[in-house]
Amino acid sequence: MPNRRQALSTIATALSALAAGNSLSLGEEPAPASASKVTKLLQKDLPADANEEVTVVTVDYAPGGASQAHRHPGPVVGYVLEGEVEIEVDAPEGTPLKTFRAGEIFFEPQGAMHKVSRNASKTKPARILAFVVGKKGAPLVSPAK
């Protein structure tokens, strides 16, 4: 789909700008002591198809925090803003268990099982910026089945 490719290209450009040293001022509160906190930063319809949108969120992991296994309705591009996160995505083009550090990018294919998403540190917080493409109005996350 050209619109999805265009959206992912735009996302990649934004992430490249971050990786080049441009900073984000997100103005968020520190993560609570619980496992993780997701903050929606933007939700925008994709212009070429009114039935799809891109949503930008931050995911804050407290020290030792983690998310439950889950899936997303569309592809996800993640950028580690702070700390280190362990990610494992189950799919033919998924990611075996790997630690991503601040400044690194990961990808999740549409509908793939996100088996592991956790802070690699027991003492420091971690934060991810994620771009989720999906059907307009669909939940951003569905539990593992």
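Predicted model: local features only at pLDDT ≥ 70, side-chain atom pairs only at ≥ 80, totals over all residues.

Residues are numbered from 1 along each chain as its sequence is written, and side-chain values use heavy atoms, with hydrogens and water left out.

The structure holds 4 salt bridges (a side-chain nitrogen of Lys or Arg within 4 Å of a carboxyl oxygen of Asp or Glu). Among them are these:

| Pair | N to O distance |
|---|---|
| R127 and D60 | 2.7 Å |
| R101 and E84 | 3.3 Å |
| R118 and E86 | 2.4 Å |

R127 sits in strand β9 and D60 in strand β2, so their pair ties together parts 67 residues apart in sequence. Strands are DSSP runs of E, at least two residues, numbered from the N terminus. Both R127 and D60 are buried (under 20% relative accessible area; exposed is over 50%, partly exposed in between, with a 1.4 Å probe and protein chains only). R101 is partly exposed at 42% relative accessibility. E84 is partly exposed too, at 33%.

Now the cores. A nonpolar core is a set of buried Ala, Val, Leu, Ile, Met, Phe, Trp, Tyr and Cys residues joined through side-chain atoms within 4.5 Å. The largest has 15 residues; Y61, V85, I87, F100, F106 and I128 touch the most other members. Strand β9 gives the most to this core, with 4 residues. Another core, of 6 residues, lies apart from it and includes V54, V56, Y79 and F131.
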